[in-house]
Amino acid sequence: MRQNTEHVRQLEDFLIKSYRPAIINCEPKTERELLSIYQTHTVPLYEYICCMYSFAFPISNEIRAMLGHLSEYRSSKISKREELHNVYGHFRRANLDALKIICDELDRSLLIILQKQYSYDYRNVYVNYLKEYSGMYFMAKNAYLEAQEKECVGSDRNTHNIFEFYYSAAKQYILLKQFYEKHKKETQRIKRSTTIKKGICWCCSVFGIVVAILQLFI
């Protein structure tokens, strides 16, 4: 992950509180309406992907295609509605791909963190830390699996709002990430102290074995 912590947190707060998947799911009637939604919703989402991860080309490609169709829309004298429809198709795909990337990447990283934490005792940090972390992770995972099961061909334009499902999962993953970061310093302190204690115990055990072996030859 590549992050500017404060800026990333601002983008996350926007996605949690202000991103509206219902707006993304409604096809705009005009170019101005589409660009307004793009500016208020897609730009922060895309910026978050760029801040967090070293790749954003799937979204970049959809934005490039969207702008290409928008150019055709502006220059075309016929079928303008069809071109705007094509612009909206790439706009949908850009938003959907971004939500999927968030789910994919946070699911992977947060699961690894969960697997590594079970060997530590965090009760002095926060008595229900592991219980809440694991509960939040599996809620996000279940929401992500549900979104994948609900998704059909064509971004579900004519069936249901698939954005609601993927956004719900992405939001829960982001909330879990923030929960982890809130307690990160304390949990890292526990890990260090536990590692030191284990190291001391190991050294003592080795020393005891060496002493016992030496006594056999005295």
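**Exercise 1. Describe the overall make-up of the protein.**

Of the protein's 218 residues, 40% count as buried, where buried means under 20% relative accessible area, exposed over 50% and partly exposed in between, with a 1.4 Å probe and protein chains only. The model is predicted, so local features need pLDDT of at least 70 and side-chain atom pairs count only at pLDDT 80 or more, whereas totals for chains, interfaces and linings use all residues. Residues are numbered from 1 along each chain as its sequence is written, and side-chain values use heavy atoms, with hydrogens and water left out.

Next, take the secondary structure: the protein has eight helices and zero strands, where helices (H or I, at least four residues) and strands (E, at least two) are DSSP runs numbered from the N terminus. Finally, turn to contacts, meaning heavy atoms within 4.5 Å: among those between residues at least 6 apart in sequence, 78% join residues at least 24 apart.

**Exercise 2. Find which residues touch the most other members of the largest nonpolar core, and which elements give two or more residues to this core.**

Begin with the term: a nonpolar core is a set of buried Ala, Val, Leu, Ile, Met, Phe, Trp, Tyr and Cys residues joined through side-chain atoms within 4.5 Å. The largest such core has 55 residues, and those touching the most other members are Y48, L99, I102, L106, L110, Y133 and Y173. Two or more residues are given to this core by each of α1 (5-17), α3 (31-52), α4 (57-75), α5 (80-117), α6 (129-150) and α7 (162-182). The largest share, 15 residues, comes from α5.

**Exercise 3. Work out what lines the largest cavity.**

A cavity is a set of points, on a 1 Å grid over the protein atoms alone, where a 1.4 Å probe fits but cannot get out, and lining residues have an atom within 4 Å of a point. Grid points are joined across faces, edges and corners, and the volume is the space filled by probe spheres set on the points. Searching the whole structure gives one cavity of 30 Å³ or more, and the largest cavity holds about 40 Å³ of space.

Its lining is made of L15, Y19, L45, L99, I102, Y167, A170, K171 and I174. The elements giving two or more residues to this lining are α5 and α7, and the largest share, four residues, comes from α7.

To sort the lining by class, count Ala, Val, Leu, Ile, Met, Phe, Trp, Tyr, Cys and Pro as nonpolar, Asp, Glu, Lys and Arg as charged, and the others, Gly among them, as polar; the result is eight nonpolar, no polar and one charged residues.

**Exercise 4. Decide whether K100 is buried or exposed, and list what is in contact with K100.**

K100 lies in helix α5, and its relative accessible area is 18%, so K100 is buried. Leaving aside neighbours within four places in sequence, K100 is in contact with R93, Y144, E151 and Y166. Along the sequence K100 and Y166 are 66 residues apart, yet their C-alpha atoms are 6.9 Å apart in space.

Terms used: On a 1 Å grid over the protein atoms alone, a cavity is a set of points where a 1.4 Å probe fits but cannot get out, and a pocket is an open set with protein on both sides within 12 Å along at least five of seven lines; lining residues have an atom within 4 Å of a point.
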